[in-house]
Amino acid sequence: MKKKGINRAMTLLMGKIRRQVYINLRRKKAEECISSRQGECLRCATCCRLLFRCPFLGPDNLCAIYKTPVRPRTCQMFPITERDLDDARIVSGGTPCGYRFNAENPCKSADRHGASAGQ
Ligand code: SF4
């Protein structure tokens, strides 16, 4: 049970690092991915609770800084790839994010199977 919790935390931590890498080092690829995803945000706030609850998430489950310029880019761009959807499923207990990457979308597996950096 403890090991499962550690694995979950490590997965979510790696997800946070992965998104930072995309946003800061692979921005073009990240923008390409989010422009080609489908679906819409359901305002479930699951992505505001990855690893820890965001301090800007209010008791009403709404982001207190949503319409401000200080809202982090990682929040604005979530999800970037399919793996972010996996992270959301871990936190939500299986409920999917409103976005998806279909099979033809190169971002479905952009950071799986050792896809090369700088794509
Ligand atoms: S997990 Fe997906 S649907 Fe839920 S708030 Fe985040 S982007 Fe929107």
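1. Helices (H or I, at least four residues) and strands (E, at least two) are DSSP runs, numbered from the N terminus. By that count, Pro 79 sits in the loop between H3 and H4. A cis peptide bond links Phe 78 to Pro 79, with omega about -5°.

2. This is a predicted model: local features need pLDDT of at least 70, side-chain atom pairs count only at pLDDT 80 or more, and totals for chains, interfaces and linings use all residues. Residues are numbered from 1 along each chain as its sequence is written.

3. Ligand shell. Around the ligand are Cys 41, Leu 42, Arg 43, Cys 44, Ala 45, Thr 46, Cys 47, Phe 78, Ala 88, Cys 97, Gly 98 and Tyr 99. Each has its C-beta atom, placed from the backbone, within 6 Å of the molecule. The shell has 9 nonpolar, 2 polar and 1 charged residues. Ala, Val, Leu, Ile, Met, Phe, Trp, Tyr, Cys and Pro count as nonpolar, Asp, Glu, Lys and Arg as charged, and the others, Gly among them, as polar.

4. Leaving aside neighbours within four places in sequence, Cys 47 is in contact (C-beta atoms, placed from the backbone, within 7 Å) with Phe 78 and Ala 88.

5. Helix H2. Which residues of H2 are buried? They are Lys 29, Ala 30 and Cys 33. Seen down the axis of H2, they fall within an arc of 100°, so they line one face of the helix. The arc is taken over directions from the helix axis to the C-beta atoms. Buried means 20 or more other C-beta atoms within 10 Å of a residue's own, exposed 12 or fewer, partly exposed in between; C-beta atoms are placed from the backbone. The face turned away carries the exposed residues Arg 27, Lys 28 and Ser 35. Cover for the buried residues includes helix H1 (2-25) and helix H3 (73-77).

6. Backbone checks. Leu 51 has a positive phi of about 75° although it is not a glycine. Leu 51 is partly exposed, with 17 C-beta neighbours inside 10 Å. Asn 61, also not a glycine, has a positive phi of about 70°. Asn 61 is exposed, with 11 other C-beta atoms within 10 Å.

Note on methods:
Two residues are in contact if their C-beta atoms, placed from the backbone, lie within 7 Å.
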